[in-house]
Amino acid sequence: MARTKASAWKKRRPGTTGAVATSETSSPSNVRAQRSAERRDAILKAALDEFAAQGFAATRLDDVARHAGVAKGTIYLHFADKEALFEEIVRTELGPVVRALEQASRAEISFRVMADQIIELFVRGIFETRRKDVIRLILTEGPRFPELAEFYYREIISRVMNTIRAALRRAVERGELANDALVRFPQLLAAPGVMAILWGSLFDRFEPLDVRALLRAHFEILLGQGSAP
């Protein structure tokens, strides 16, 4: 028993509260990897702040580096250029929302129930977060930088449209929808979300918008009276 306690004591670092230090968590390579990941996250956050404030064209990597508290060369250790940095922001910020939507669509639920999940996903997962700034950037910068719009379409929009179309097609087959208009034009479902983001940027200080109520009213109109979640 004495040997066991002595052995355990030797494994503890001085000054710890009893936690056993392991070579896996304290090895130099793991420490370097953690610091590298932290710097990468700081760069992404700083880049989003700069893009949102200045726009894609006006943002310089020098500004991002200064904001993130790193050398400009550190950015190039993680990202090839400003475009690659912006693309990674899109993946990091909106990828989880797309995956959540895809997961919701696989559940055996009616489209009206899924509509409620879509509303909450947009309000809580996008509109009430910095993700709305990413979408706003695409709306404002996409026409001038078509390669960014193409990337956004391929990485986000096409996956969302495919997911929604499949769910709507099943709703038509189950008799939940009277026709296939929404299957042909699923963009109709997203229209108030886009409008809400633009309204929030331009007019919210004059007339705040209840985004959740707006989306519920929109789904009620599209899916039928009394069908809103």
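**View 1. Glu 141 makes a polar contact with Arg 144, side chain to side chain, at 2.9 Å.** A polar contact here is a pair of N or O atoms within 3.5 Å; within protein, one must be able to donate a hydrogen and the other to accept it, and residues adjacent in sequence count only if both atoms are side-chain atoms. The side chain of Glu 141 also reaches the backbone nitrogen of Phe 56, at 3.4 Å. This is a predicted model, in which local features need pLDDT of at least 70 and side-chain atom pairs count only at pLDDT 80 or more, while totals for chains, interfaces and linings use all residues. Residues are numbered from 1 along each chain as its sequence is written, and side-chain values use heavy atoms, leaving out hydrogens and water.

**View 2. Glu 141 sits in helix α8, residues 131-141.** Helices are DSSP runs (H or I, at least four residues), numbered from the N terminus. With a relative accessible area of 7%, Glu 141 is buried (under 20% relative accessible area, 1.4 Å probe, protein chains only). Not counting residues up to four places away in sequence, Glu 141 touches Gly 55, Phe 56 and Ala 57 (contact means heavy atoms within 4.5 Å).

**View 3. Helix α8 packs against helix α11, residues 187-202, at an angle of about 90°.** Their axes, lines fitted to C-alpha atoms over the stretch in contact, lie 10 Å apart. The two helices are therefore roughly perpendicular (65 to 115 degrees, on a scale from 0 to 180 between N-to-C directions). Lys 132, Ile 135, Arg 136 and Leu 139 of α8 meet Val 194, Ile 197, Leu 198 and Ser 201 of α11.

Technical notes:
Buried means under 20% relative accessible area, exposed over 50%, partly exposed in between (1.4 Å probe, protein chains only). Angles under 35 degrees count as roughly parallel, over 145 as roughly antiparallel, 65 to 115 as roughly perpendicular and the rest as oblique.
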